[in-house]
Amino acid sequence: MKVDFLNLKRLNEQYEDELKQACARVIESGWYILGAETEKFEQEFASYCGVKHCIGVANGLDALTLTLKAWRELGKVNKGDEVIVPGNTYIASVLAVTEADLVPVFVEPDEVTHNICPKAIEGAISEKTKVILPVHLYGQLADMPAIMALASKYQLLVLEDSAQSHGAELDGKKSGAWGNASGFSFYPGKNLGALGDGGAVTTDDDELAETLRALRNYGSHIKYQNLYQGLNSRLDEIQSAMLSVKLKYLPAQTAARQELAVFYQREINNPHITLPKVAEPQSHVWHLFVVRTSSRDALVEHLTECGVQTQVHYPIAPHKQQAYSELNHLCLPLTEQLQDEVLSLPMSPYLSEQERSKVVDAINSFKVKE
Ligand SMILES: *Cc1c(COP(=O)(O)O)cnc(C)c1O
């Protein structure tokens with residue numbers, strides 16, 4: 001028996017009939033872009049997150065990019081302004097910043113949570129800083145009370161990257177409801193995943209929501225009247241219908257992920273492995289269960305031999321990518337250490353008893369050769 005990192009077929013099989021019915025409904029409607037299904041899902045997801053507006057877009061990267069572009073159209077940020085981002089994030093968070101002609105300023109993570117460190121954010125604020133872009137990495141909310149306090153002290157906007165944290169909650173407030181706006185991804189492997197690409201922005205800001213609705217649609221509210229140089233970046237009717245089905249099951253799936261995380265935390269006891277830490281159980285929705293070890297290559301080899309599939313999130317930090325060669329000289333010691341030490345274990349709401357035990361046994365039998 002092999003344990004998959006994440007088996008999407010098994011995941012979507014759980015509601016196969018409902019998905020097929022929803023798909024048939026859209027086919028029969030004859031309406032495929034910006035219609036009733038997208039409006040319905042937008043309302044459901046806004047209400048789930050506890051915000052006024054949800055604007056469906058084509059993917060998570062566009063959700064972040066379009067929000068920054070909307071703030072530029074609204075005169076809240078200008079070309080060349082600085083955006084504070086975590087050094088150890090997925091590259092999409094950074095691509096959004098540069099795509100909007102803004103400047104990313106990297107900040108190191110907190111040693112324990114691996115989320116962006118508020119103290120380091122404060123140290124990075126300059127005259128040009130306009131936005132903080134915290135990423136709720138691996139599904140755990142960043143320290144939002146501290147980040148919102150900094151934003152108010154220095155008059156900055158906050159754009160959450162919620163691509164990994166659907167439903168994560170602190171003090172009764174969900175991911176997507178903390179910042180001025182938040183970008184979500186519905187990539188199939190995310191906690192709420194479509195059957196293709198998808199994304200959304202959530203916000204309480206009426207003016208921003210209005211601007212985003214135009215920007216995702218060529219910059220137009222009324223056909224052939226273009227207010228902005230927009231994009232074509234919309235959430236399809238079919239994907240909206242799939243997401244409406246899957247959103248109903250998200251709370252149960254989140255609980256199953258949290259239960260698996262508790263099991264891993266309790267059963268893994270290998271001195272060479274550092275387990276992830278959580279302050280508040282509800283603030284982590286376990287998109288990924290990431291352990292840390294200084295012998296990662298050996299651990300991957302051992303787990304592969306045992307039939308346990310793993311992944312690395314992420315092996316090369318954005319500032320070390322060829323795409324950002326002008327930033328390669330930057331030195332972010334903790335970010336660079338993490339990229340060499342982190343390893344993501346199988347995490348899914350549908351891992352069997354046998355599979356989860358196999359993962360634990362494989363990890364606990366790992367020995368470091370002297
Ligand atoms: C997945 C992801 C994105 C991008 O979402 P896509 O829908 O794949 O474009 C952005 N940020 C983070 C942290 C992600 O994990």
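**View 1. Helix α12 in the lining of the largest cavity.** Helix α12 (residues 333-341) puts three residues into the lining of the largest cavity, the most of any contributor. The model is predicted, with pLDDT of at least 70 needed for local features and 80 or more for side-chain atom pairs, while totals for chains, interfaces and linings use all residues. Numbering starts from 1 along each chain as its sequence is written, and side-chain values use heavy atoms, leaving out hydrogens and water. Helices here are DSSP runs of H or I, at least four residues, numbered from the N terminus. A cavity is a set of points on a 1 Å grid over the protein atoms alone where a 1.4 Å probe fits but cannot get out, and lining residues have an atom within 4 Å of a point. About 90 Å³ of space sits inside, and the lining includes Tyr 138, His 313, Thr 335 and Leu 338. Volume means the space filled by probe spheres set on the points, which are joined across faces, edges and corners.

**View 2. The second largest cavity.** This one has a volume of about 70 Å³. Among its lining residues are Asp 4, Phe 5, Arg 10, Tyr 350 and Glu 355.

**View 3. Where α4 meets α8.** Helix α4 (residues 60-73) packs against helix α8 (residues 206-215) at about 115 degrees, axes 9 Å apart. Axes are lines fitted to C-alpha atoms over the stretch in contact, and angles run from 0 to 180 degrees between N-to-C directions. The pair is therefore roughly perpendicular, a label for 65 to 115 degrees. Contacts (heavy atoms within 4.5 Å) involve residues including Leu 66 and Trp 71 in α4, and Leu 208 and Leu 215 in α8.

Terms used:
1 Å grid on protein atoms, 1.4 Å probe; cavity = no way out; pocket = protein on both sides within 12 Å on 5 of 7 lines; lining within 4 Å. Helix = DSSP H or I, 4+ residues; strand = E, 2+ residues; numbered from the N terminus. Parallel < 35°, antiparallel > 145°, perpendicular 65-115°, else oblique.
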